[in-house]
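Hi everyone, thanks for coming. Let me put the structure up, and then we can walk through a few parts of it together.

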Amino acid sequence: MGEYTKILQNLEFLNISTDEFTIFEWKPPRSYKSFILDLNIVKQNLASNIFFHIFKGNMKIVHIRINDLIYTAGSNNTVQFQLLEALIEKVSIEFNMKFDVESYITFGNFSTTMFNSFNKNIEAIIADFNELGIVKELKVPCMVCNTVLSIIVKKSFIENAESYPVPLVYMHNGHAILCFIDKNYDIRGVELVNITG
Ligand SMILES: [Zn+2]
């Protein structure tokens, strides 16, 4: 089992919904927690094609709306947001490859049980995550912590960037650094940034 596979053991749920209802949900074995309230909050966000992050107690929730579907992943707070984003990107591609979801939704004539077999795909994505090569771990020094941090970035984030170096903010322990990453995943600079919100 690879390193990311181990990190992804902290995943609490993965949900695919329309605006009306859940069409697919994966949870770890023996998890009976419900995330309906979180999903209701997620659905109120109408912006498409942008990843949103929510901190909730010791959970992290990432969601994105793509076409008619809302993809949401939740984990405990040991998992970095970019890893959850990479997972959702992979899941959305595979889900749409396996099922012609858009046309099911357009015609409204389907049963969500037909998506149950996708559980096997999720288990495989988690088990093979290291081999998928969709994330990279970067070593970035933090001048506040005086240590070198391991920051996980999605390859799609670097590869699809419009210009380089790409800025990325990493929040941790109550402060944040801004690092600049070039095409080759080398760190071109690190700054301490102020945060408000
Ligand atoms: Zn630090």
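**Helices, strands and a zinc site**

Let's start with helices H3 and H5, whose crossing is right-handed; a crossing is called left-handed if the near helix is turned anticlockwise from the far one by less than a right angle, and right-handed if clockwise. Helices here (H or I, at least four residues) and strands (E, at least two) are DSSP runs, numbered from the N terminus.

Before going on, a word on the source: this is a predicted model, where local features need pLDDT of at least 70 and side-chain atom pairs count only at pLDDT 80 or more, while totals for chains, interfaces and linings use all residues. Residues are numbered from 1 along each chain as its sequence is written, and side-chain values use heavy atoms, with hydrogens and water left out.

Back to the pair. H3 (residues 81–98) and H5 (residues 118–127) pack at an angle of about 145°, with their axes 11 Å apart. Axes are lines fitted to C-alpha atoms, for helices over the stretch in contact, and angles run from 0 to 180 degrees between N-to-C directions.

Now the zinc ion. Which residues hold it? The protein donors are Cys142 (SG), Cys145 (SG), His172 (NE2) and His175 (NE2), 2.0 to 2.2 Å away. Donors are N, O and S atoms within 2.8 Å of the metal (3.2 Å for Na, K and Ca), and since water is not among the atoms, sites may look incomplete. The 4 donor atoms subtend angles of 92 to 118°, so the arrangement is tetrahedral, a label that requires all angles between four donors to lie between 85 and 135 degrees. Along the chain, the donor spacing reads C-x2-C-x26-H-x2-H. Cys145 sits in the loop between strands E6 (135–142) and E7 (147–154), and His175 in strand E9 (residues 175–181), so this pair ties together parts 30 residues apart in sequence.

E9 also belongs to an open sheet of 3 strands, ordered E8-E9-E10 with antiparallel pairing. E8 (166–172) and E10 (187–193) are at the edges with a single partner strand each, so one side of each has no neighbour in the sheet. Strands pair if DSSP finds at least two bridges between them; E8 and E9 are joined by 7.

Note on methods:
Tetrahedral: all angles 85-135°; square planar, octahedral: opposite > 155°, others 65-115°.
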